[in-house]
Amino acid sequence: WKEGKFLFENETLESIIKRFSRWYDFSPDYKQEELKYYHFTGSLARYEDPQKIFNMMEQISDVRFDFSGNELIISKNIPNN
């Protein structure tokens with residue numbers, strides 16, 4: 001955090017989202033409880049758009065992030081068949 005970055009290593013999604021929600025002022029809404037326990041590693045500059053990191057997380061997992069006003073809806077990404 002001293003370098004102006006969010007850094008997380010093998011950290012739960014719940015912990016990551018908690019920090020992001022305080023910094024970017026949004027409320028998380030987990031549609032499936034187990035998503036809180038997914039683990040991620042990465043970094044993001046504090047003043048970058050958080051959507052950038054959410055897009056990366058979507059690419060490497062089955063988690064989906066959607067904003068509705070000031071709420072971040074976190075759900076499993078179910079592929080279309």
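Let me start with two helices: the axes of H1, residues 13-24, and H2, residues 50-60, come within 12 Å and cross at roughly 160°. Here, helices are DSSP runs of H or I with at least four residues, strands are runs of E with at least two, and both are numbered from the N terminus. The axes are lines fitted to C-alpha atoms, for helices over the stretch in contact, and angles run from 0 to 180 degrees between N-to-C directions.

A word on the source. This is a predicted model, where local features need pLDDT of at least 70 and side-chain atom pairs count only at pLDDT 80 or more, while totals for chains, interfaces and linings use all residues. Residues are numbered from 1 along each chain as its sequence is written, and side-chain values use heavy atoms, with hydrogens and water left out.

Back to the helices. H1 and H2 are therefore roughly antiparallel to each other, a label for angles over 145 degrees; under 35 is roughly parallel, 65 to 115 roughly perpendicular, and the rest oblique.

Which residues of H1 and H2 meet? From H1 they are Leu13, Ile16, Ile17, Phe20 and Tyr24, and from H2 they are Pro50, Ile53, Phe54 and Met57. Contact means heavy atoms within 4.5 Å. By class, this contact of H1 with H2 has nine nonpolar residues, no polar ones and no charged ones. Nonpolar covers Ala, Val, Leu, Ile, Met, Phe, Trp, Tyr, Cys and Pro; charged covers Asp, Glu, Lys and Arg; the others, Gly among them, are polar.

Next, the sheet. Three strands form an open sheet in the order S2-S5-S4, with mixed pairing; two strands pair if DSSP finds at least two bridges between them. At the edges are S2 (27-30) and S4 (63-68), each pairing on one side only. From one strand to the next, the twist averages 25°. S4 pairs with S5, residues 71-76, in the antiparallel sense over six bridges. Val63 has Lys76 in S5 as its bridge partner.

How do the helices sit on this sheet? H1 packs on the sheet and touches S2, S4 and S5, its direction making about 155° with that of S2. H2 lies across S4 and S5, at about 150° to S4.

Finally, two residues. Ser21 is in H1, and at 12% relative accessibility Ser21 counts as buried. Gln59 is in H2, and at 70% Gln59 counts as exposed. Buried means under 20% relative accessible area, exposed over 50%, and partly exposed in between, with a 1.4 Å probe and protein chains only.
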